[in-house]
Amino acid sequence: MKQLQRVKVALRKSERWFRAIFNQTLEFIRLIEPIEILMEGNQVALKFGGITNSKVIRSSW
């Protein structure tokens, strides 16, 4: 059980680091599934474009 808890903590820490970098980048960054479906856009680019994540998520790239 302790191993599972360590993995969960490591995953949360990794995700926090990823989100901090992803959402503070000034360039447009996107996550795309192999079938070219947009999964997420970074907040800086979305704010600059005046759009919300819900308008771009699951759209075809």
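**Exercise 1. Is A45 buried or exposed, and at what relative accessibility?**

This is a predicted model, in which local features need pLDDT of at least 70, side-chain atom pairs count only at pLDDT 80 or more, and totals for chains, interfaces and linings use all residues. Residues are numbered from 1 along each chain as its sequence is written, and side-chain values use heavy atoms, without hydrogens and water.

Step 1. Helices are DSSP runs of H or I with at least four residues, strands are runs of E with at least two, and both are numbered from the N terminus.
Step 2. Apply the cut-offs: buried is under 20% relative accessible area, exposed is over 50%, and partly exposed lies in between (1.4 Å probe, protein chains only).
Step 3. A45 has 15% relative accessibility, so A45 counts as buried.

**Exercise 2. Classify K13 by its relative accessible area.**

Step 1. K13 belongs to helix α1, residues 2–24.
Step 2. Its relative accessible area is 47%, so K13 is partly exposed.

**Exercise 3. Describe the protein chain as a whole.**

Step 1. Count the elements: 3 helices and 2 strands.
Step 2. Read their order from the N terminus: α-β-β-α-α.
Step 3. Check burial: 18% of the 61 residues count as buried.
Step 4. Check contacts (heavy atoms within 4.5 Å). Among those between residues at least 6 apart in sequence, 12% join residues at least 24 apart.
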